[in-house]
Amino acid sequence: MLTETHVKTAGWGNAELQALRARALAFFEEKGLPEVKNELYKYSNIRRLVTENGFRETELKTATDALTIPQLPFAVSGTIVLYNGTYQPALSVLPAGTEVKPASAALDGTSATQTFALPEPDAVKALALATAAEGMALLIAEDTQLEKPLLVFSYTDVEDASSLASLHVIKAGKNASASVLMLHAHSAGKRFFAQQVWQCFTGEEATLRLYDMQNEGPESFTINHFSALQAGRSTFSLTTSATGSTFMRNNVRAEHAGEGCHTELNGLFMPSEGQHIDNRTFVGHMFPDCTSDELYKGIAAADGKGIFNGKVYVARDAQKTNAYQSNKNVLLSREATINSKPELEIYADDVKCSHGSTTGQLDEQSIFYMQARGIRQAEARKLLLLAFANDVFERIPDAEIRAFFETEAEQRFAALYRDR
Amino acid sequence: MLTIKNLHASINGKEILKGINLEIAAGEVHAIMGPNGSGKSTLSAVLAGKEDYEITQGEVIFRGKDLLELSPEERAGEGIFLAFQYPVEIPGVSMTNFMRTAVNEVREYRGLEALDAKAFLALSKEKQALVELDKKLAGRSVNEGFSGGEKKRNEIYQMAMLNPYLSILDETDSGLDIDALRIVSEGVNKLKSAENAFLVITHYQRLLDYIVPDFVHVLYDGRIVKTGPKELALELEDKGYDHIKKEVEA
């Protein structure tokens, strides 16, 4: 079982990284897996989740020679395949201006310390850091502009009730620009507890956009740790569309390391029967003249549980900060739950910050209006849900990815009302 | 086309319609007038199938079918159209997407093939012209940011697109200036045929100068208390509803 007494630290990386990992393990051993009395995991009982499912460390296969890679309705600039968190060079195609190295190659002492320093006492992230297998470092060279999205396909193939963790780095060089689309798949019928750590670095004036399509099957119990450290005048965006998994937690952290940065976090989370989807975000405004814009929209059906907890932190020196945060939710049934907890922590005095949170239901007047025009009730509800989700799609500048996410949501909404 | 017999309806236990009887044949225009609170809007909502109302007695037969057994969308498919007194704004749903979905859902119900994008646009253009609806509104969300007049013209445009047998206009004249009233009325008059019928619900006689009714019914306290030719509307305008109230109570 995955408990504080059994885990082993992964032995890779430079001395500083190993020391950091040892500290993470010590922290985890001291705190153990969080229960609901831990403020960070107030709505997600990780200890119970692990105990009830008996997740444990197992021997993982690290290579495969055959995988079916999903066909996308549009061209990509390249494909990166991860198998149980391990990079598969033979199955991958890299676009010009990019290379893949072991994660440790992109983590010198400084960057490792900066990004891995536990900002909050999070034993789950400590566990992930301590145990993560060395994943890949995707390096996007200076001035490289990827015109088409780069696909990262992650396949999990483990025995039932396995726990696995991997750590990856994405580094966009100065003035580089790239969109990365993440897709996931797994072997059928085998439950797994996966933690993926994604450490992103955006160089000066670089743009890095991550799109994570989280539509795994019910076997998936997943915690993602997305972190970005942004150099001056760079843009980082993350868009997640969570429809799958029995349990999903997104820990998102973006921090500015220079002036004039922009951060955009977009999330759509749609828990339905038996699903639990939790988003925890942190945007750290540490420098002046930076902007952040955050929109999370939840649609909870059946007995689904959705959570948004977002914090915007503005340091004393981060004058002229513009920070927006919004969380809007729709409940589709009496049994559905949404917990929303927006937080602002501001130490600068010349800033524009706003946050808002609303939770409601679909407008019955609108539904009747559409029905009176001959639109079936299920179709009317679907149209309203698409309209609700559209605010998130509108923020996706890549047209093909936007359409891809829309189609996924449309299928999800159609499934919600099928045979009703 | 439509036969309403002894229709009783209530909301939250309060009876609003207390025995409506009404017969509408194809090719006819009927006007229902009455003071505030007489049940005019309830009647239109009940015919369109709004769920908030409980039908306690009576029956409604529309083109041979028991209307009260049908869902609102099935009623629309059968050919009932309600032009709303207060058209609903639906942020995020574009007019074009809404209308194309509606047209094709109704066509599917009627056993017709869906219109492709080109055919839909051609039809839409023709019907927009009928009520002088600004083309740019098609790109907006349903009724969002429309002026009062645009909303009502939009209702008639939708009516024209769906080609119903029975159109119910619920106080379509409210909030309209003379020009908009004329445009809306001309639209309705162009759509009039021997195959369809109109039920025009209004508070004032004004609209009936433009859409000339074959019958005028006075609704009071949930019942039709008087029926007459179009001149009845003028009489009401002249003498007011108090006159009718006294007559009824006498």
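A: We may begin with helix H1 and helix H4 of chain A: H1(A) and H4(A) are oblique to each other. Please keep in mind that the model is predicted. Two packed helices are described by the angle between their axes and the distance between the axes. Here H1(A), residues 15-31, and H4(A), residues 123-131, have axes that come within 8 Å and cross at roughly 135°. H1(A) passes H4(A) in a left-handed crossing.

Q: Which residues of H1(A) and H4(A) make the contact?

A: From H1(A) the contact takes Arg21(A), Ala24(A), Leu25(A), Phe27(A), Phe28(A) and Lys31(A), and from H4(A) it takes Ala123(A), Ala126(A), Leu127(A), Leu129(A) and Ala130(A). By class, nine of the residues in this contact are nonpolar, no polar residue takes part, and two are charged.

Q: How should I read the packing of H6(A) against H7(A)?

A: The two quantities are again a distance and an angle. The axes of H6(A) and H7(A), the latter spanning residues 399-417, come within 10 Å and cross at roughly 150°. Angles over 145 degrees count as roughly antiparallel, and H6(A) and H7(A) are therefore roughly antiparallel to each other. The crossing of H6(A) and H7(A) is right-handed.

Q: What classes of residue form the contact of H6(A) with H7(A)?

A: The contact of H6(A) with H7(A) has 10 nonpolar, no polar and five charged residues. Its members on H6(A) include Leu385(A), Leu386(A) and Phe393(A), while those on H7(A) include Phe405(A), Phe413(A) and Tyr417(A).

Q: Let us turn to strands. In which sense do S16(A) and S18(A) pair?

A: Strand pairing is read from the bridges and from the direction of the two strands. S16(A), residues 291-300, and S18(A), residues 322-331, pair in the parallel sense over 10 bridges. S18(A) also pairs in the parallel sense with S20(A), residues 352-360, over nine bridges.

Q: How is a whole sheet described, and what is the order of the six strands in the open sheet of chain B?

A: A sheet may be described by its strand order and its pairing. The open sheet of six strands in chain B has the order S6-S9-S10-S3-S11-S12, with mixed pairing. S6 (80-83) and S12 (223-228) of chain B each have a single partner strand, so one side of each is left without a neighbour in the sheet. On average, neighbouring strands of this sheet are turned by 20° against each other, direction ignored. Within it, S9(B), residues 166-170, runs parallel to S10(B), residues 197-202, and five bridges join them. One of the pairs is Leu169(B) with Val200(B).

Q: Which strands of this sheet does helix H5 of chain B lie across?

A: H5(B), residues 148-162, lies across S6 and S9 of chain B, running at about 170° to S6(B). H1(B), residues 40-48, lies across S3, S6, S9, S10 and S11 of chain B, at about 145° to S9(B).

Q: What is the order of the four strands in the other open sheet of chain B?

A: The order is S2-S1-S4-S5, with antiparallel pairing. S2 (14-24) and S5 (65-66) of chain B are the edge strands, each pairing on one side only. Seven bridges join S1(B), residues 2-11, to S4(B), residues 54-62, and Leu2(B) has Phe62(B) as its bridge partner in S4(B). H1(B) lies across S1, S2 and S4 of chain B too, running at about 70° to S2(B).

Q: Finally, how far apart are the centres of the two domains of chain A?

A: The domain assignment gives domain 1 (15-258) and domain 2 (362-420) of chain A, and their centres, taken over C-alpha atoms, are separated by 30 Å. The contact between them takes 11 residues from domain 1 and nine residues from domain 2.

Q: How many residues does each chain give to the contact between chain A and chain B?

A: Chain A gives 16 residues and chain B gives 21 residues. On the side of chain A, H6(A) gives the most, with six residues.

Notes. Residues numbered from 1 in each chain as written. Chains lettered and ligands numbered in written order. Predicted model: local features only at pLDDT ≥ 70, side-chain atom pairs only at ≥ 80, totals over all residues. Contact = placed C-beta atoms within 7 Å. Pairing = 2+ DSSP bridges. Axes fitted to C-alpha atoms, helices over the stretch in contact; angles between N-to-C directions. Domains from an automatic or database assignment. Parallel < 35°, antiparallel > 145°, perpendicular 65-115°, else oblique. Left-handed = near helix turned anticlockwise from the far one by under 90°. Nonpolar A, V, L, I, M, F, W, Y, C, P; charged D, E, K, R; others polar.
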